[in-house]
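Reader: I would like to learn how to read a few features of a structure. Could we take them one at a time?

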Amino acid sequence: MLPNSERIYHDPLHGAIALNPSDPTEALLIRLIDTPACQRLRRIRQLGPASVTFHGAESSRFTHSLGVMAIARRAFDRICKAYPQLHPYRPVVLCAALLHDLGHGPFSHTAEEIFSCHHELWTERVLQESEAVRQLLDAFDPHLLEQILQVYQKKHPVPLVWQLVSSQLDCDRLDYLMRDSYFTGASYGKIDLDRILMALGYDPVSQQLVVARKGMAAVEHYLIVRYFMYAQVYNHPKNIAATWILEQAFNRARSLLQQSELWADDTVTAWLSQDCDRLSLQDYLTADDYVFAYHLQRWQQHPDPVLAEMSRRFVDRDLFKCLDVTHLNEAQRATLLSKTHHWLTQAGFNAGYYSGIRISFSRGYTLYQKGIKIQTPSRLEEISDLSPLVQTLTQPYERAWLIYPREIEQALQVIQTNLC
């Protein structure tokens, strides 16, 4: 890169994201983006296996991370014009926004379901253990890493600093709602980003992020958008079925590895045989969607029929069906699952791998991390106290699904009719 030349990333949502190397903070961002840990995010899909449902959902954690940083810069720089005393926190906010997803494993959140790992823990480990990242942060400011960790742990002494990155109204959620809507083709995720950013402010007394009363309608709309994206996109039954198949494939692979009947490279062997949160940094960062997809391709030819079938089904998008059983009580669900397993066994399937109950959750709006505060002429008020619309969004929403192969669909219809 030529001296003082801008680094520009052309983003489908935010246009040209330009970083100026003559600005010390933005020069640091450029160097961080170029580290292997950050570039690895190009090889991890933002929505995990959701592309089997929404064929356009192939954007990466890398593009999302750049988007979060871009929104955080817009939000912080605008607030900072009114409150210049906040300027020293600019490196913390922008670096925390850029690096917040460094710890995601293959297939994003799906890896956490399959391997019981925690991407937040791994983000902190990468920051502390990755030599390339750590050296850049320490060289810029010996205290920068500590402050970034305070952001992720919601312990930074200025709440606004961490609220811009992780709260009920943060730059992470603003970007992923817009980005996931765009790439899935779902219209539910269209929010008024400009209006929201213009409404964001700072309360110097409590030092927290606030929203001007004039921006409340845009925030209400944002919360509705979030509700519908969870209901219609993130918890789509085909996503649940794809995740089930992935989970069963890796569960079977783990069992075969214990019996010394599985080929896997050193990375996948480590993931299958160790506590995911205790892996070495190398074993964790070497894993990405490409590595795991390659193994699924190979395992299609494995002599074990369950592993071969699960791998083939995922690769070929031959998904299981999902039956909504939310209306059934727990006893009825257990009876339905038992009968389903019986039919599968009679048909020659290994029932435990081919059917199960999965629950999808939408938590709704909560007072998580101070909620959303509206700035009224007299005081700060919680948005759910002011808005009847938001009040309706505070109720959690749960759905239950029976997963099964289409081969027993007719028998299942008879069983369900007898239960109802």
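Predicted model: local features only at pLDDT ≥ 70, side-chain atom pairs only at ≥ 80, totals over all residues.

Reader: How far apart should the end C-alpha atoms of helix α13 be?

Author: In general, an α-helix has 3.6 residues a turn, so residues three or four places apart point the same way. Helix α13 covers residues 237-258; at 1.5 Å a residue, its 22 residues should span 32 Å. The end C-alpha atoms are 32 Å apart, which agrees.

Reader: How many residues of α13 are buried?

Author: 16 of the 22 are buried, so α13 is largely enclosed by the rest of the structure.

Reader: How many disulfides does a search of the whole structure find?

Author: A disulfide is a covalent bond between the sulfur atoms of two cysteines. The search of the whole structure finds zero. Take cysteine 80: the closest cysteine sulfur is in cysteine 171, 14 Å away, too far for a bond.

Reader: Is cysteine 80 buried or exposed?

Author: Cysteine 80 counts as buried because its relative accessibility is 8%. Cysteine 171 is buried too, at 1%.

Reader: Where is threonine 366 found, and what is it in contact with?

Author: Threonine 366 is found in the loop between β6 (356-362) and β7 (373-375). It is partly exposed, with a relative accessible area of 27%. Leaving aside neighbours within four places in sequence, threonine 366 is in contact with Gln168 and Gly371. Proline 396 is 30 residues from threonine 366 along the chain, yet their C-alpha atoms are separated by 9.2 Å.

Definitions and conventions
Residues numbered from 1 in each chain as written. Heavy atoms only, no water. Helix = DSSP H or I, 4+ residues; strand = E, 2+ residues; numbered from the N terminus. Expected span 1.5 Å × (residues − 1). Buried < 20%, exposed > 50% of the residue type's maximum accessible area, 1.4 Å probe, protein only. Disulfide = S-S within 2.5 Å. Contact = heavy atoms within 4.5 Å.
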